[in-house]
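This briefing sets out selected local features of the model shown below. The points are grouped by topic.

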Amino acid sequence: MTMPLWWEPRVASPTDPAEATELADVVELPERADVAVVGGGFTGLWAAYYLLRQRPDIHVVVLEAEHVGFGASGRNGGWVSALFPVGGDALAARHGAASARAMLDALVETVDEVGQVCVHEGIDAGFVRGGTLAVARGDAQAARARAGVEANRRWGGSARWLDREQTRERLAAADTPGRPVRGATFDPACARIHPRALVDGLAAAVRRLGGTVVEQARVADVRRAGAGAGGEGHLIRLADGRALSADAVVRATEAWTATLPRLRHRVAPVYSLMVATEPLTPQQWSAVGLAEREVFTDHGYLVVYGQRTVDDRIAFGGRGAPYHLGSRIDPGFDTDERVFTALRTYLRRLLPQVELDFSHAWGGPLGVPRDWHPSVTWDPEGRVGSAGGYVGDGVAATHLAGRTLAELITGQQTRRTGLPWVGHRSPDWEREPLRWLGINSGLGVATLADHEERLTGRPSLAGQVVDRLTGH
């Protein structure tokens, strides 16, 4: 397994990964909790954080199988964005226009709220609200980009179109065969962060507020407690034989939900891989741009994403690694050299004016529900909650989901608890091998669509298939 750039210790940081691990090593598993959170990523930690902010008297225990941020929360591209996998029109078709607008507005607000927590809790996560620059490479992407701006504006967003000159002032992207830079969309509703620093800082805040974070605590089973197990509530057994009881349980397992016997059809673990360069010099950055720490992507069908890191590297990622039969997640999930090579090649062609040396390559799974619709659930009778299925757009959405779960658990009725993803149930994925065939065919079609547009300069027919598959 390769080491993500984000996992390297940061000098003199109060939320150093090494320090956080040392603290966690001495934590004993309590016998009882008011709320047990299964999963030490963003969703679980945000839920714990807001539970403790709202109810300082309750005992919250977070159980993490590895270390906090082991999954997508500690591997992602560091975009705190208002993106939602389901667009405004599709949301409105499912839930009504007012609910769609409320959902999208809440996500925009969440971007700033994450930054506010970083300030309030002293979390040095490199939060900079520089916005998202999505380059339109070729006429087909430009047409799609302009349509995207119109849709964003229709739903109250602030995205705007930049012409070629304005685009290159922000990012000096080069023309490539079949992909001349036509312009870009710019959306201010996004910030750049160091993901692992945010995870560790959030875990430290949970501890300061009185919560317990137990790492190396793999949950084997959760069952309703009987009379012989402490009365009402839940009994949570760990793989090493330890156990605790809890009044309420939150499942925040994202892609790893597919490894749970009773839930293996809820989400599919799809892989996103990343590379990082060595730090660029000030001279190199003056030739590249991203002076406002904008995150960047393009309007292709196969997702790519990048940022200028806190230590002045370029971290760049994308999809394309195949889904594994049976939703298998194994130690080799992030070593697809074909994808790493494609990512390095993309960056070198995008920015030929600077010499790029690469230092890191890593990846991991993210959770994709069958209808691409994230959800937040809470059963007040069974006292069980969950959230997930972010399709890779979860750094901000996890904050909103965790805060919403805290309000649902404590019996509050707020504008967040009325959002349309609360109570949403996605259909299950097909059984194998249909699931394997469908997901990997979809990845192939997305790749084909980008090739088709590069060769023809016209909107891809294959792209229409991608849109149908993803509900756009």
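A polar atom of the threonine 404 side chain lies 2.6 Å from the backbone oxygen of leucine 400. The model is a predicted one.

- Setting aside residues up to four places away in sequence, threonine 404 touches Val376, Arg416, Thr417 and Val422.

**Serine 81 in strand E3**

- Strand E3 covers residues 79–81, and serine 81 belongs to it.
- With a relative accessibility of 4%, serine 81 is classed as buried.
- The backbone nitrogen of leucine 83 is reached by the side chain of serine 81 at 3.2 Å.
- Apart from neighbours within four places in sequence, the contacts of serine 81 are with Val111, Ala189, Cys190 and Ala396.

**Valine 38 in strand E1**

- Valine 38 is located in strand E1, which comprises residues 32–38.
- The relative accessible area of valine 38 is 13%, so this residue counts as buried.
- When residues up to four places away in sequence are not counted, valine 38 touches Leu63, Val219, Val249, Val250, Arg251, Ala252 and Thr253.
- Between valine 38 and alanine 97 there are 59 residues of sequence separation, and their C-alpha atoms are 34 Å apart in space.

**Packing of helices H2 and H4**

- Helix H2 (residues 42–54) packs against helix H4 (residues 97–121) at an angle of about 65°, and the two axes are 14 Å apart.
- The crossing of these two helices, H2 and H4, is left-handed.
- On the H2 side the contact is made by Trp46, Tyr49, Tyr50 and Arg53, and on the H4 side by Val114, Val117, His120 and Glu121.
- By class, the residues in the contact of H2 with H4 are 5 nonpolar, 1 polar and 2 charged.

**Helix H7**

- Helix H7 spans residues 195–208, which is 14 residues.
- The distance from the first C-alpha of H7 to its last is 20 Å, close to the 20 Å expected at 1.5 Å a residue.
- H7 is mostly covered, with 12 of its 14 residues buried.
- The buried residues of H7 include Arg196 and Asp200, together with Leu198, Val199, Leu202 and Val206.
- Glycine 210 follows H7 and has a positive phi, near 105°.

- The peptide bond from glutamate 432 to proline 433 is cis, and its omega is near 5°.
- Proline 433 is in the loop that links helix H10 (394–409) to helix H11 (434–456).
- Leucine 434 is part of helix H11.
- Leucine 434 counts as exposed because its relative accessibility is 56%, and the cut-off for exposed is over 50%.
- The 23 residues of H11 should span 33 Å at 1.5 Å a residue, and the separation of its end C-alpha atoms, 32 Å, agrees with this.
- Residues buried in H11 include Arg435, Ile439, Leu443, Ala446, Ala449, Asp450 and Glu453.
- An α-helix has 3.6 residues a turn, so residues three or four places apart point the same way.

**Positive phi in loop residues other than glycine**

- Arginine 293 has a positive phi, near 60°, and is a residue other than glycine.
- Arginine 293 is placed in the loop between helix H8 (282–288) and strand E13 (295–298).
- A relative accessible area of 26% makes arginine 293 partly exposed.
- Serine 327, also a residue other than glycine, has a positive phi near 55°.
- The loop between strand E15 (314–318) and helix H9 (337–350) holds serine 327.
- Serine 327 counts as buried, at 3% relative accessibility.
- Serine 327 and leucine 434 are 107 residues apart along the chain, and their C-alpha atoms are separated by 12 Å.

Notes
Residues are numbered from 1 along each chain as its sequence is written. This is a predicted model: local features need pLDDT of at least 70, side-chain atom pairs count only at pLDDT 80 or more; totals for chains, interfaces and linings use all residues. Side-chain values use heavy atoms; hydrogens and water are left out. Helices (H or I, at least four residues) and strands (E, at least two) are DSSP runs, numbered from the N terminus. Buried means under 20% relative accessible area, exposed over 50%, partly exposed in between (1.4 Å probe, protein chains only). A polar contact is a pair of N or O atoms within 3.5 Å; within protein, one must be able to donate a hydrogen and the other to accept it, and residues adjacent in sequence count only if both atoms are side-chain atoms. Contact means heavy atoms within 4.5 Å. Axes are lines fitted to C-alpha atoms, for helices over the stretch in contact, and angles run from 0 to 180 degrees between N-to-C directions. A crossing is left-handed if the near helix is turned anticlockwise from the far one by less than a right angle, and right-handed if clockwise. Ala, Val, Leu, Ile, Met, Phe, Trp, Tyr, Cys and Pro count as nonpolar, Asp, Glu, Lys and Arg as charged, and the others, Gly among them, as polar. The expected span of a helix is 1.5 Å times one less than its number of residues.
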